[in-house]
Amino acid sequence: MRLRRLFTNSYFVAVVLALVIFLIGRWQVPGFGSLFSIRAMLVLTALLAVAAVGQTLAMLLGGIDLSIPFVIGFANVVAAQLYGGGLPFEQVFLIVIGFAALIGVLNGILSASLGIHPLIVTLGVGTFVQGAVLEWTKGFPGGRVPAFINQFVSIGATLGPYEVFGLEIGPFPFPAVVPVVLIGGLVIVLVLEWTVYGRQLYALGSNPDAARLALVRPVFIWGVTYALSAIFAAIAGVLLLGFTGSAFARVGQPYLFQTIAAVVIGGTSLLGGRGSYLGTLIGAFVLIELNTVLIGLGLNQSLVQAALGVVIVILVAVYGREAAVRARI
Amino acid sequence: MLRFSNALGEARFAFIFVIVLLIINIAVSPARFRPSQLGIMLGLAAPLIYAAIAATPPILSGRGGIDVSIGPFMGLVNVILVQFIITDRGWTEPWIIVPLVLGLGVLSGLINGLLAAIIRIPPIVATLGTYLIYSGLTTYIMPAPRGSIPGWLASLSQETSIIPLALLFLVWWGIRRLPYYEQLMATGGDDRATYSSGVNVTGVRVGAYILGGLFGSIGGLALTALLGSGDPTVGPPYTLTAIAGAALGGVSLAGGRGGLFGAMLGAIAIFLLQNILTFLNVTSFVLQMAYGFVLVVAVVLNSAAVQARLTRLLGGTQ
């Protein structure tokens, strides 16, 4: 039963979409199916998928997290700055993750304990954080990127070759981030399906009143969920540092819309309680593919943006619709 | 005083905030707040005020209703007005420009209302979609700032800046006397109960988006008046301040609570805060921190839980 819920039709639709977009790309865009373009799309998908973990969790709760792009920028700049200042990377990572978790806890607890819409809280907290980061670096972040992070996400990097039982496997033509995100993603799906936290998250998202009667503590779950969201956003920020090679406080901006779109294309309901991270993984790939094809078709950046807006509205109109009022009485 | 603050309802916090900020503003720069300068000050604040007012009706209609496309829409109105209407066609008369701009507002409201209320795409996704479409079209139509505007339009950001705002509130005053207003607030409060009592909930919501679009188009006009030209980059940031202003003014994101007057007060509070900080010569980064901080503090103080506690502390009646 649980497994069957993983494969309800919105995943099917998303996978079909991914295939259709791929075929259109093959047909219309020269070089689209090449190894390099597939590698690039896989890496971009992996980065988006990390950033979208938190959006998935927040939406399963019936909330939303608009602080993700700001936390990405925060982690991106602070990690580069501290590492450039000579701290060992493990310490840098712990500091960044710790601060991000605090930001997330603040988001979750403020929203849940005072009954304020998370949209406003996360927007306010995120705006503040970004202002603080920009003020700290005076708008010109410096610092350095550890080489192994660079290697971890670089499109040109390969994995392996490995020796398994005397057999040489690989080298695989993609960087380590791709399989790590894939395996990590499956772990997230299983955690949400099988752990107490995961079940309470779904319970609170689908019916807050009933969940409270079942002794789910809303403020605790909201705090944990938004902390997780900010932690994954911070990880995405550090990975982006390796991807772009230098720090930039607004590097997360595109991820505001993209994380929401990936989650929604993946079939997770904004009203909470329905959906899964598996959908988000597929949704992230569809979105990146779409973006690549639109650019490949030779549209200029303004028109790509407009076309993306049209396509997402159409996609969500096909299978992300809310129930009519009369169906909810 | 207590009765007065009750009449202000959810907006009373924003009202107090505006008074305090106004006093500080007058203290630090009395010259800018002389009565003769009020038209110019209002002109400066106008795009922000209209953006917050435009954001309000969709939020009032409830069930996640929101229009995040409002900023880019004001930017789109700006470039369409300057490029297509004034530069290409040479139409500069108010009786041509004003109806065309208001028409754009109704059209945008219809599109958002169709997507969010009739097709029932979650409003934040639907209007993020139109956000992308509008901002893409804006930079496509006008890649870099250019153009000029007729004198009557420029004066809308100075001596005549009060006229559109007064007309807008006259229209809202009329709407509040129609059954539509009660239906809107009821829909925002509990759409299922409202539907059950025979109200066309979908129609009410589409109406809310049309009102938002209409007010937003006036914002586009005010923005153009203030800029004096077309600029593709200025629109999008207004989305953030519009929603912040509405939330500050006591408009509940859950729907059904708040009003345009509160949203206007919220926007004025943000403008005054911006003014003080600019006067203190802080960087735009500190300004951004202040936005975020004020937004969070405002929604915390406006939240039902804190309000109930405050009322009990002050010994007022519930």
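Predicted model: local features only at pLDDT ≥ 70, side-chain atom pairs only at ≥ 80, totals over all residues.

Reader: Why are H3(A) and H8(A) called roughly parallel?

Author: The axes of helix H3 (residues 35-60) and helix H8 (residues 177-194) of chain A cross at roughly 20° and come within 9 Å. Angles under 35 degrees count as roughly parallel, and therefore H3(A) is described as roughly parallel to H8(A). The crossing is left-handed.

Reader: What makes the contact of H3(A) with H8(A) nonpolar in class?

Author: H3(A) supplies A:Leu42, A:Val43, A:Ala46, A:Ala49, A:Val50, A:Val53, A:Leu57 and A:Leu60, while H8(A) supplies A:Val177, A:Val178, A:Val181, A:Ile188 and A:Leu192. Ala, Val, Leu and Ile are among the residue types that count as nonpolar. The contact accordingly has 13 nonpolar residues, no polar ones and no charged ones.

Reader: What makes H3(B) and H11(B) roughly antiparallel?

Author: H3(B) and helix H11 (residues 201-227) of chain B pack at an angle of about 170°, and their axes are 7 Å apart. An angle over 145 degrees counts as roughly antiparallel, so H3(B) is roughly antiparallel to H11(B). Among the residues that meet are B:Pro47, B:Tyr50 and B:Ile53 in H3(B), and B:Phe215, B:Ile218 and B:Leu223 in H11(B).

Reader: Why does the contact of H3(B) with H11(B) include polar residues?

Author: Gly is counted as polar under the classification, and the contact includes B:Gly43 of H3(B) together with B:Gly212, B:Gly216 and B:Gly219 of H11(B). By class, the contact has 16 nonpolar, four polar and no charged residues.

Reader: How do you know whether A:Leu239 is buried or exposed?

Author: A:Leu239 is in helix H11 (residues 218-244) of chain A. Its relative accessibility is 10%; buried means under 20%, and A:Leu239 therefore counts as buried. Leaving out residues up to four places away in sequence, A:Leu239 touches A:Leu47, A:Val50, A:Ile149, A:Phe152, A:Val153 and A:Val177. A:Leu239 and A:Val153 are 86 residues apart in sequence, yet their C-alpha atoms are 6.8 Å apart in space.

Reader: Why is B:Ser108 called buried?

Author: B:Ser108, in helix H5 of chain B, has a relative accessible area of 4%. Because buried means under 20%, B:Ser108 is classed as buried. Beyond neighbours within four places in sequence, B:Ser108 is in contact with B:Phe73 and B:Tyr134.

Reader: What makes B:Arg63 and B:Arg120 partly exposed?

Author: B:Arg63 has 33% relative accessibility, and B:Arg120 has a relative accessible area of 22%. Partly exposed covers values between the 20% limit for buried and the 50% limit for exposed, so B:Arg63 and B:Arg120 are both partly exposed. B:Arg63 is in the loop between helix H3 (38-60) and helix H4 (70-88) of chain B, and has a positive phi of about 50° although it is not a glycine. B:Arg120 is in the loop between helix H5 (94-118) and helix H6 (123-141) of chain B; its phi, near 65°, is a positive value in a residue other than glycine.

Technical notes
Residues numbered from 1 in each chain as written. Chains lettered and ligands numbered in written order. Heavy atoms only, no water. Helix = DSSP H or I, 4+ residues; strand = E, 2+ residues; numbered from the N terminus. Buried < 20%, exposed > 50% of the residue type's maximum accessible area, 1.4 Å probe, protein only. Axes fitted to C-alpha atoms, helices over the stretch in contact; angles between N-to-C directions. Parallel < 35°, antiparallel > 145°, perpendicular 65-115°, else oblique. Left-handed = near helix turned anticlockwise from the far one by under 90°. Contact = heavy atoms within 4.5 Å.
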